[in-house]
Amino acid sequence: MATQSAPEGACDPPPRPKPPAKSDGYVGVTELLAGKGDWFRRSNASNGYISKLRELVKHEGDKNKSQWKTMGPAKVAVPSPNDFLQKRSKESKLAPKKKEEDGKKLLPLSVPPRTYHPVTRIKKNFISKNALAVMTGEPKKPRHFCVDTRQGDKYLLEPSGLFPKYINKKNYGVLPKYVIQRNEEMKREEEEYQASVLEQLKKKAMKLLSEEERTNVLKALKKNWEEINRAYQSLPIVTDTRYKQMHKEELELKLKQLEHDIASIEKHKCVYIANI
């Protein structure tokens, strides 16, 4: 059976649709992509923007994306542990001073001067020296101790006050001069104070009235009483004003006081009067 050959062009892929012709009245929106100066135009199809460098831009974006996920680049120069910050390392340091004398630099001397005398070190035998000091020195005197507990606790007897070392002094038990002088001053001040008190009491002491003075005082009081009583008896019977009432009360008080004084003087034979 003879094979029939396929018609020419039957297995070829279908031809691609031609892009629509650009209309003369529409200009697509142009943008600058990734700084490459690539311009692309918007087609009338519904697939959006089409760029020639689309794959290149995507590759460049994915390439550097993972390196900037942290606070810095992935590879950062780490400082060495030996380069740590030390104290006063940032302060400005001055140049070392050069020893100069009268503006001239001192040159190192290789030969010692004539006045130089080397120090001779003498070797000492400290063992024999200490042994000689022990043999020639005075022996230590035993110190007095006092034991006050059964466990053997002890303390020095001399600074404790129990050792009688002060009774052997010449001036033991004798009052010091400053104590005697102070006692004399205190005694003299006390005598002066007592004398001043007695003098004040004498000045303020009460005076005894003689019999003649007592009689004269008594007569004067009675005469004064008679005069006030006469004025009292001459008062009007009707005291209808405030002045009359006050005058009457005043005379009554004076009469009572005079009667009290006359009775006291007549009752007591010895009368004392204070010196005011």
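This is a predicted model: local features need pLDDT of at least 70, side-chain atom pairs count only at pLDDT 80 or more; totals for chains, interfaces and linings use all residues.

Q: Fine, so what helices and strands does the chain have?
A: The chain has five helices and six strands, where helices (H or I, at least four residues) and strands (E, at least two) are DSSP runs numbered from the N terminus. Starting from the N terminus, their order is α-β-β-α-β-β-α-β-α-α-β.

Q: And how much of the chain is buried?
A: Of the 276 residues in the chain, 7% are buried; buried means under 20% relative accessible area, exposed means over 50%, and partly exposed is in between, using a 1.4 Å probe and protein chains only.

Q: How many salt bridges are there?
A: The count is six, taking a salt bridge as a side-chain nitrogen of Lys or Arg within 4 Å of a carboxyl oxygen of Asp or Glu. One of them joins Glu266 and Lys222 at 3.2 Å, N to O. This pair links distant parts of the chain, with Glu266 in helix α5 and Lys222 in helix α4 (residues 211-233), 44 residues apart.

Q: Which residue does Lys254 pair with?
A: Lys254 meets Glu250 in a salt bridge of 3.7 Å, N to O, and both residues lie in helix α5, four residues apart, which is about one turn of the helix.

Q: Switching to the surface, where does negative charge gather?
A: Glu184, Glu185, Glu189, Glu190, Glu191 and Glu192 form a negative patch there. Patches are made of residues with over 30% relative accessible area and no salt bridge, with like charges joined within 9 Å and nonpolar side chains (Val, Leu, Ile, Met, Phe, Trp, Tyr) within 5 Å. Glu192 belongs to helix α3 (residues 177-203) and counts as exposed because its relative accessible area is 51%.

Q: Which residues form the nonpolar patch?
A: Tyr166, Ile167 and Tyr172 form it, with about 350 Å² of accessible area together, an area that comes from the Shrake-Rupley method with a 1.4 Å probe, where for residues only the protein chains shown count as cover. Tyr172 sits in the loop between β4 (154-156) and α3.

Methods: Residues are numbered from 1 along each chain as its sequence is written. Side-chain values use heavy atoms; hydrogens and water are left out. Lys and Arg count as positive and Asp and Glu as negative; His and the chain ends are not counted. The place of a charge is taken as NZ of Lys, CZ of Arg, CG of Asp or CD of Glu.
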